[in-house]
Amino acid sequence: MKRRVGIIGVGMSKFGRRDDVSVRELSWEAIKEAFLDAGVSQRDIDLVVAGSTAYRGAELYPAPPISEYSSLVGKTPMRVEAACATGSAAAFTAINSIASGMSDVVLAIGFDKMTEVNTSTSLAIGGRGGNYQWEFHMYGTTFPSYYALYATRHMAVYGTKEEDMALASVKAHKYASMNEKAHLRNRVTVEDVLKSRIISWPIKLLDSSPISDGAAAVVFASEEKIRELKVDSPVWVEGIGYGSDTSAIARRGEWTGLRAARDAANMAFTMSKRSPQDIEYATVHDCFTIAEIMAYEDLGFVEKGKGAELLREGQTEKDGKVAVNLFGGLKAKGHPLGATGLSMIYEVTKQLREEAGSLQHSFKKYVALTHNVGGTGHYAYVTVLSR
């Protein structure tokens with residue numbers, strides 16, 4: 001990057017079914033917290049990047065009303081969308097705007113109200129998340145069935161078991177129970193997961209992330225502006241990488257990992273001059289439990305086929321070798337598509353600043369990353385952050 005970029009403020013709404021607020025009010029919850037955290041106001045913002053899928057909400061073009069409600073009219077010229085990686089696409093755009101010299105202080109806001117349609121409609125929309133003609137139209141695929149294909153292949157090739165995937169769910173619910181902003185705060189056992197309703201075998205209800213409403217916001221700034229504002233504990237963007245893949249998963253040639261995620265990780269590690277062994281904390285895209293296991297492997301935390309071993313050994317728990325998703329992950333914290341990527345940056349920022357309370361991980365190097373996947377691997381972003 002031509003200019004160094006840092007994070008000076010983060011905010012996040014409570015995730016869950018939020019019938020109590022409009023999408024405008026939901027977004028303002030996150031923006032207000034981020035402004036207070038950064039010590040800035042609307043007049044300090046050069047650019048707003050709004051991220052929302054808006055597939056399931058009443059506001060199909062939500063950026064202008066969000067901007068107006070938050071007194072940011074004139075600063076929000078775009079809405080970005082990259083399915084479940086929309087929040088990271090907003091962060092990517094904000095970071096590059098500063099790094100290029102176009103802006104000094106940029107707000108990235110991600111939001112979605114997913115519960116404004118019923119579950120059947122939501123599944124039908126999600127099923128169109130790949131290639132409509134060759135997947136949803138021909139075979140009626142739903143989003144869980146896409147990941148069920150990855151899970152069965154991983155089980156066949158590497159011997160991964162349903163019990164292994166259940167461990168990811170147990171971990172997510174345990175930590176979400178301690179996160180007051182999480183959607184699902186109930187603890188579960190391996191037996192609970194295995195006995196839960198089958199959605200698309202081997203994916204069961206408790207292997208799946210919930211349908212959530214939520215918003216998250218991040219204020220990015222140039223190094224020069226950070227010095228001017230006298231911010232004493234910025235979190236620095238060391239590297240950001242991206243990747244993409246075919247629309248139809250049948251064309252990918254292998255189904256035990258995501259090429260887009262590996263490409264994004266390689267780019268982020270190269271830019272940051274870091275390696276997987278430097279990472280002490282990670283938020284990974286666990287929309288289904290098998291996705292967390294594949295993420296360990298795609299990010300290089302463990303060799304291919306051994307992702308489940310990290311879970312069995314407790315290596316991704318708090319104070320483990322590399323702590324993962326201590327705020328509950330998509331699985332239990334929730335997964336409002338437009339907000340997820342920025343909520344990962346919120347979480348990593350809180351961890352690196354040692355503001356995570358009972359969920360605080362112990363750092364030595366203070367290096368972490370976010371891993372955010374859109375669709376079934378159609379898009380991926382990996383961001384390496386440090387303090």
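Predicted model: local features only at pLDDT ≥ 70, side-chain atom pairs only at ≥ 80, totals over all residues.
Biologist: Thanks! Which residues form a nonpolar patch on the surface?

Modeller: Trp134, Met138 and Tyr139 do, and together they have about 390 Å² of accessible area.

Biologist: Where does methionine 138 lie, then?

Modeller: Methionine 138 is in helix 5, residues 132-139.

Biologist: Okay, on to the inside. Which residues touch the most other members of the largest nonpolar core?

Modeller: That core has 48 residues, and the ones touching the most other members are Tyr147, Ile279, Ala282, Ile290, Phe301 and Leu369.

Biologist: And which helix gives the most to this core?

Modeller: Helix 6, with seven residues. Other elements that give two or more include helix 7 (162-176), helix 14 (337-352) and strand 11 (367-374).

Biologist: What is tyrosine 147 in contact with, leaving aside neighbours within four places in sequence?

Modeller: Among its partners are Ile203, Leu258, Phe288, Ile290, Met294 and Val373.

Biologist: Nice. What does the second, separate core include?

Modeller: Val80, Ala82, Leu326 and Leu385 are included in that core of 43 residues.

Biologist: Changing topic: what does the UniProt annotation covering residues 241-387 say?

Modeller: The unreviewed UniProt entry annotates that span as "domain: Thiolase C-terminal". In the model, residues 241-387 are 35% helix and 17% strand, and their end C-alpha atoms lie 19 Å apart.

Methods:
Residues numbered from 1 in each chain as written. Heavy atoms only, no water. Core = buried A, V, L, I, M, F, W, Y, C linked by side-chain atoms within 4.5 Å. Buried < 20%, exposed > 50% of the residue type's maximum accessible area, 1.4 Å probe, protein only. Helix = DSSP H or I, 4+ residues; strand = E, 2+ residues; numbered from the N terminus. Contact = heavy atoms within 4.5 Å. Patch = residues over 30% accessible without salt bridge, like charges linked within 9 Å, V, L, I, M, F, W, Y side chains within 5 Å. Areas by Shrake-Rupley, 256 points an atom, 1.4 Å probe, with all protein chains shown as cover. Salt bridge = Lys/Arg side-chain N within 4 Å of Asp/Glu carboxyl O. UniProt positions renumbered as here; feature names shortened; annotations may be inferred.
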